[in-house]
Amino acid sequence: MNLELTAAPSTPPEEADDGVWLECIECGETFAPFAEIRYTCDDCDGLLEVRYDDPPTFDAFEGRGVWRYSAALPFEEGVSLPEGGTPLHRVPRLEKAVDVSTLRVKHEGMNPTGSFKDRGMTVGVRVAEELGVDRLACASTGNTSAALAAYGARADLETLVLLPAGKVAAGKIAQASLHGARILEVDGNFDACLDRVQDLAARGEAYLLNSLNPFRLEGQKTIGLEILEEFHDDYGSYPDRIVLPVGNAGNTAALYKCFRELVQSGALDEDQVPKLTGVQAEGAAPMVEAIESGADEVRRWEEVETIATAIRIGNPVNAPKALPGIRNTGGTAVSVSDEEITAAQRALAKEGVGVEPASAASVAGLKKLRDDGAVDADEDVVCLTTGHLLKDPDAAFAAGNEPEPVANDTDAVLDLLDGSGGRGRLRRLLPF
């Protein structure tokens, strides 16, 4: 394993606030975090990461939720609903079916707006307040818009979201709408929406809060901190592998940064770092293509399609951070079909864990890798599920049992239950 730790510069910028600054991952140039708005490097346009004088250790954390980890974040508190503290489910039947030593499911759908995006927004909107901006904006496949709208409303800031027309689940649009966002439906896919939002940000018309913004990923790295702490509390060790859905690759980049900071501080040994394993849908798999081909860059897919709307992305902006995260932790990436995603969604539902299709991609990917022998039977694995099933109720309905008409008569109900309906039918719908 080779984490390729990026050493903190010996002298941060003079304008750096409280031991926090930004550093370009390409050329190493450093910047004060809040002196002016920037998303990428002024010199080479490389992606930025947040740096700290003192990387975190586990004994520095107290409280609950995202802000339990304030010692690893730019502020002591943020614009909070609150978020974090999501369950790490035991799934014994699924664990047996997949055939690994231990399988736990980190269910990020239990955040306030129903997805992991809340972790990034509690930090990102706090930064927006620090910068004094008055309009927030994002491109979204749905979950980012819901989170930004909620946290923007909490902060009393104007919120603008750009969505690909006809491609966002109704549950997510409803959230953004109710929280008061201005919603623009763009004639194009998510990547086209992100192009437009980046143009608006470059013109100073809005503060960008997609995961291109390095502060978003600071909140998301707390997923890794929670997984490591809870898994260690339960088993006295850390998971061998974390499997996660990949869209814009922000979580992959965030978890990799989390692990590097813990290794830097001495809180984690390099041989304790979980293997990061990314899963994409077959119809939107540019990261998998890059991993399988050994490419240093991801090729943009202009046409993408999958039932997993949250990861229907052809140009993952965090690929320069995420590709090293997968490779340097000894992980891999795999694509799965929509049919495999739906089967995994049903299997999770059988354990009582309700997720949207993109979330189930992690479990579908783990099963495929286990079947192919790329994951060993003795591994301890955590699958990340990123959004609640009610984010996409149409997909949930299509994957589940259909309502059965019955006469308003108890004998008729019993006749139906004794016939072809009932529990036997449910089992046939859950083949995983």
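**A friendly note on the strands**

1. Let's start inside: strand 10 (residues 241-245) is largely enclosed by the rest of the structure, because 5 of its 5 residues are buried. Buried means under 20% relative accessible area, with exposed over 50% and partly exposed in between (1.4 Å probe, protein chains only). Strands are DSSP runs of E with at least two residues, and helices are runs of H or I with at least four, numbered from the N terminus.

2. A word on the source: this is a predicted model, where local features need pLDDT of at least 70, side-chain atom pairs count only at pLDDT 80 or more, and totals for chains, interfaces and linings use all residues. Residues are numbered from 1 along each chain as its sequence is written, and side-chain values use heavy atoms, leaving out hydrogens and water.

3. Which residues point one way from strand 10, and which the other? Arg241, Val243 and Pro245 take one side, Ile242 and Leu244 the other, and all are buried.

4. Strand 10 pairs in the parallel sense with strand 11 (residues 275-281) over 5 bridges; two strands pair if DSSP finds at least two bridges between them. Ile242 stands opposite Leu276 in strand 11.

5. Elsewhere, an open, antiparallel sheet of 3 strands runs in the order 2-1-3. Strand 2 (30-31) and strand 3 (48-52) are at the edges with a single partner strand each, so one side of each lacks a neighbour in the sheet.
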